[in-house]
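Thanks for coming, everyone. I have one structure to walk you through today. Please bring it up on your screens.

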Amino acid sequence: MSVSPGEKALNYIILTLFSLFALFPIITIVLTALGPQLGVAESGPHWHNIVDAWNEGSFGPALLRSLLVALLVVPVALVLSILAGYAFGTMRFRGSTALFYLFLFGMMVPAEAIIIPLFYDFRDFGLTDTIWAIALPQMAQSIAFGTFWMRAQFRAMPANLIEAAAIDGTNSMGTLWRVMAPPAIPSIATVSVLMFMWTWNEFLIPLVMSPGAAWRTAPLGLSVFKGQYTADGALIAAAGIIIATPIVLVFLALQRYFISGMLEGAAKE
Amino acid sequence: MKNRKGRERPSAVVRSGVTPYLYLLPALLVYGAFLLYPVARTAQFSLYDWPGFGPSTFVGFDNYLALLDDGRFLAAIGNALYLILFYSILPLVVGLVLAAILRRGQVRGMGVYRVLIFLPQVIALVVVAVAWRQIYTPRGTLNQMLGLIGVESDIGWLGEPNLALTAVGIIGFWLETGLVMLLLLAGMNRIPNDLYEASRLDGAGPIREFFAITLPAVKGEISTALVLTIIAALKTFDLIYMTTSGGPGSATTVPAYEVYNRAFQLKQIGSASALAIVLTVLVFIINVFVSRIGEERRVAGR
């Protein structure tokens, strides 16, 4: 295939311009974070802003809470989604279409439509301000998407894989973990990264379900911090960097894997 | 939803009986208890007048009827529809161009561009809000850049009633374009190279090639991208909460923000629940509508 040099140059210009647009807010927040704090005159990168924000906003504990929530949500949601996706993707049973639409429905329900009774019902059980109040609703959301995703992956696998296993006398659970799961590992990895990202970045659910500070996750910590230091753009930006960095690092480390997983996985839907 | 019609579901495990249901049960329990049941409870709450404590009064559909001439609610719906332009339509147009370039253009460093353009999707919306506030403040990056080209401006872009919603919309465009591009690229990667080879032998330029080959092949992905981004536009909450709190006045309020504000600030649980149900129904209708269009076109195109 050949593309004329003129067109090629134009392509690079368009892609580069748009990449700069994508990077522009990120560069802004980094420069702001390293700029002088309120009332500081000297220039030069102020790396200690990050340390100051870390200490003053107690982001250590907040990041730990975010991590614990994610470690509870992602593995459970993942295993339950694989089991359910396996049933939908490879088995015939009465009511499977209706049940599948039930799961699809969950992907469309905005968090706003569940958060009000969740708060009042959890409060009646004395469960607000616990990890469960934050993790369980997010688990349900991730299961809706995860089931949908895993069903697509298992359906796209060659039927003779299962037939061969059935002939060998492998039971259905063995077939799932020994025959079906290994080739699906890239798409399982993709959906795990997605679930991790969503859980880490979730804002409304911890905002409402943890009215005290007991389970204030990292994004919520940023919002509170912003309220306290409204005028100090440098500190707020530094706090923003603290929260975004872990997830950006995960993404950059796994991007090759993740983006190709998205490209292939999305094509199977 | 793209079903491959006429394709049989793998049928090797025809073991009838309870096995499939046992696999579904754990997921269904968690999903039912913490998603389906709360939705039903929200629908129930929407029929009552309740300040969050004490006794509640059954009011039938009064909360819904009250929304009909509720200025803030109507403003929120109007704003959400306007945001769809920035969250869905613009990213679709730009995403198509970017994906087509990446598919056809033999671009070196394609992986780097993909990562950079997708990066906004990864960052927490609260952090995105902090970054864009810094851009939009009176002494922020945007006004500084305008100063460089000789335009003096000290506008607070998020504080102007006429500009604020567009300013939020641009954040949405920045957020969603990478996702749309990646989805479209997934579809375009399935187009066999021979098709492009053939069209180039015929002397087709990039524009003709795009409309003759690329666009028809990604109709399904277009409808998926529209569904995802329209939902994102309709459930925008974090961004509004962190940038404008719906203001100035009701200039940037959206349904999701109104639900939160009514339920947890104003303690109008009934009204908030009715609004949440309306929002869900709206998302549902748009979803069904857009995926129908996608599927019909796919069938018609064959």
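Of the 269 residues in chain A, 59% are buried. Buried means under 20% relative accessible area, exposed means over 50%, and partly exposed is in between, with a 1.4 Å probe and protein chains only.

Some ground rules. This is a predicted model, where local features need pLDDT of at least 70, side-chain atom pairs count only at pLDDT 80 or more, and totals for chains, interfaces and linings use all residues. Residues are numbered from 1 along each chain as its sequence is written, chains are lettered from A and ligands numbered from 1 in the order in which they are written, and side-chain values use heavy atoms, with hydrogens and water left out.

Now the fold of chain A. It has 12 helices and 0 strands. Helices (H or I, at least four residues) and strands (E, at least two) are DSSP runs, numbered from the N terminus. Along its principal axes, the C-alpha trace of chain A spans about 75 × 70 × 30 Å. Now take the contacts in chain A with a separation of 6 or more: 77% of them are between residues 24 or more positions apart. Contact here means heavy atoms within 4.5 Å.

Look at one helix, α8 of chain A, residues 172–180. Its buried residues are Ser172(A), Gly174(A), Thr175(A), Leu176(A), Val179(A) and Met180(A). What do they pack against? In chain A, they pack against α3 (59–90), α6 (131–155) and α7 (159–167). They also pack against α1 of chain B.

Next, Tyr257(A), in helix α12 (residues 233–268) of chain A. Tyr257(A) is partly exposed, with a relative accessible area of 41%. Leaving out residues up to four places away in sequence, Tyr257(A) touches Ile185(A), Pro186(A), Ala189(A) and Thr190(A). The C-alpha atoms of Tyr257(A) and Ser187(A) are separated by 9.2 Å, and the two residues are 70 residues apart along the chain.

On to the interface. Chain A puts 101 residues into the contact and chain B puts in 100. Together the two chains bury about 9,700 Å², 73% of it on carbon and sulfur atoms. Buried area is the accessible area (1.4 Å probe) that two parts lose on being put together, summed over both.

How many residue pairs are in polar contact between chain B and chain A? There are 14, with both residues at pLDDT 80 or more. Helix α1 (residues 19–45) of chain B gives the most to the side of chain B that touches chain A, with 19 residues. By class, that side of chain B has 66 nonpolar, 17 polar and 17 charged residues. A polar contact is a pair of N or O atoms within 3.5 Å; within protein, one must be able to donate a hydrogen and the other to accept it, and residues adjacent in sequence count only if both atoms are side-chain atoms. For the classes, Ala, Val, Leu, Ile, Met, Phe, Trp, Tyr, Cys and Pro count as nonpolar, Asp, Glu, Lys and Arg as charged, and the others, Gly among them, as polar.

Salt bridges next. Over all chains, the count comes to 6. The rule is a side-chain nitrogen of Lys or Arg within 4 Å of a carboxyl oxygen of Asp or Glu. Across the interface of chain B and chain A, it finds 1. That one pairs Asp121(A) with Arg41(B), with the closest N and O atoms 2.7 Å apart. Asp121(A) lies in helix α5 (residues 112–124) of chain A and Arg41(B) in helix α1 of chain B, so the pair joins two chains. Both Asp121(A) and Arg41(B) are buried.

Inside chain B, Arg262(B) meets Asp70(B) in a salt bridge at 2.9 Å, N to O. Arg262(B) is in helix α12 (residues 255–265) and Asp70(B) in the loop between α2 (62–68) and α3 (71–104) of chain B, so the pair ties together parts 192 residues apart in sequence. Arg262(B) is buried, at 4% relative accessible area. A salt-bridge network links Asp70(B), Arg72(B), Glu258(B) and Arg262(B).

Last, Ser273(B), in helix α13 (residues 269–300) of chain B. Ser273(B) is buried, with a relative accessible area of 0%. Setting aside residues up to four places away in sequence, Ser273(B) touches Ile116(A), Thr42(B), Phe45(B) and Ser46(B).
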